[in-house]
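Q: I would like to work through this model with you, one feature at a time. Could you bring it up first?

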Amino acid sequence: KIKIKKIKYINKINVKKLNYKVIQINNGRAFTNYVENLAIISNNIIAKDFSFQQINGYLKQNKNEVLLSGTPKFKKELFGKTLVLTQGASGHFNYAHWLFDIVPKLIIVSEFCKLKKINYFYFSKLNNFQKESLKFMKIDQARFIDSNKLRHIESEKLIAVTHPNYFKKTIFFAHSNLPKWIIYS
């Protein structure tokens, strides 16, 4: 029911030490509170490495809001493969988060499967610069799902990826110590 792949190379660059992983869950769920919480769920169990809650600038994987409040939004069922790329408010309008967090996630996932084989991309509301980036990557807007409107989804095959640079301390520390491959990609 769950498939996890460790990503060892990105564009022929060795990234083994970064411990990137992609998960695919049959009938997996994603829930976001739109601000600082994302839960990737399989059989009512949170996938720790793929879920997070940001509290005062720190990434917390063991304090997810879903553990206390559940998933209090209507669930939308999707058929096919859905890639989860939402990550809360920081990714909405911030160009740096887009370039350092979301685009690298797309690159990591492309080492797992071809992006054209993904039916849906679960994002926060996208701005024009984000849509232009995705158009350049040949990802059709008709495949976008707005996590602001659908906070709780279940997909026939749900795909998520570990964070590309937020390993410890604060997001400011993470963006000050980016892996080189993100800059060169």
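Aromatic rings

Q: To start, is Phe-144 buried or exposed?
A: Phe-144 has 18% relative accessibility, so it counts as buried. Here buried means under 20% relative accessible area, exposed means over 50%, and partly exposed lies in between, with a 1.4 Å probe and protein chains only.

Q: Before going further, what kind of model is this?
A: This is a predicted model, in which local features need pLDDT of at least 70 and side-chain atom pairs count only at pLDDT 80 or more, while totals for chains, interfaces and linings use all residues. Residues are numbered from 1 along each chain as its sequence is written, and side-chain values use heavy atoms, with hydrogens and water left out.

Q: Back to the rings, then. How many aromatic pairs does the count come to?
A: The count comes to six aromatic pairs. Rings of Phe, Tyr and Trp (its six-membered ring) pair if their centres lie within 6.5 Å; planes under 30 degrees apart count as stacked, over 60 as edge-to-face and the rest as tilted. One of the pairs is formed by Phe-121 and Phe-123, which are stacked at 6.2 Å centre to centre with 15° between the planes. Both Phe-121 and Phe-123 are buried.

Q: What sort of aromatic pair do Phe-123 and Phe-144 form?
A: The pair of Phe-123 and Phe-144 is edge-to-face, with 5.4 Å centre to centre and 80° between the planes. Phe-123 belongs to strand β10 and Phe-144 to strand β11 (residues 144–146), so this pair ties together parts that are 21 residues apart in sequence. The strand and helix names follow DSSP runs, numbered from the N terminus: helices are H or I with at least four residues, strands are E with at least two. As for accessibility, Phe-123 has a relative accessible area of 2% and is therefore buried.

Q: Which residues do the ring pairs link into a cluster?
A: Trp-98, Phe-121, Phe-123 and Phe-144 are linked into a cluster by ring pairs.

Q: Changing topic: how many salt bridges does the count come to?
A: There are two salt bridges, each requiring a side-chain nitrogen of Lys or Arg within 4 Å of a carboxyl oxygen of Asp or Glu. In one of them, Asp-49 is paired with Lys-21, and the closest N and O atoms are 2.3 Å apart. This pair links distant parts of the chain, 28 residues apart: Asp-49 sits in the loop between β6 and β7 (52–55), and Lys-21 in strand β4.

Q: Is Lys-21 buried or exposed?
A: Lys-21 is buried, because its relative accessible area is 13%. Asp-49 is at 29% relative accessibility and counts as partly exposed.

Q: And what does Lys-75 meet in a salt bridge?
A: The side chain of Lys-75 meets that of Glu-154 at 2.7 Å, N to O. They lie 79 residues apart, Lys-75 in strand β9 (residues 75–84) and Glu-154 in strand β12 (residues 152–161), so this pair too links distant parts of the chain. Lys-75 is partly exposed at a relative accessible area of 41%, whereas Glu-154 is buried at 16%.

Q: In which sense do β9 and β12 pair?
A: Strands β9 and β12 pair in the parallel sense, over seven bridges; two strands pair if DSSP finds at least two bridges between them. Lys-75 stands opposite His-152 in β12. Strand β9 is also joined by three bridges to strand β10 (residues 120–123), and these two run parallel. Across that pairing, Val-84 has Tyr-122 of β10 as its bridge partner.

Q: Now the helices. At what angle do α3 and α4 pack?
A: Helix α3 (residues 95–110) packs against helix α4 (residues 128–136) at about 30°, with their axes 11 Å apart. Axes are lines fitted to C-alpha atoms, for helices over the stretch in contact, and angles run from 0 to 180 degrees between N-to-C directions. The two helices are therefore roughly parallel, since angles under 35 degrees count as such, over 145 as roughly antiparallel, 65 to 115 as roughly perpendicular and the rest as oblique.

Q: One last item: what is phi of Asn-43 near?
A: Phi of Asn-43 is near 50°, a positive value in a residue other than glycine. Asn-43 lies in the loop between β5 (37–42) and β6 (45–46), and is exposed at a relative accessible area of 54%. Asn-27 also has a positive phi, near 55°, and belongs to strand β4 (residues 20–32).
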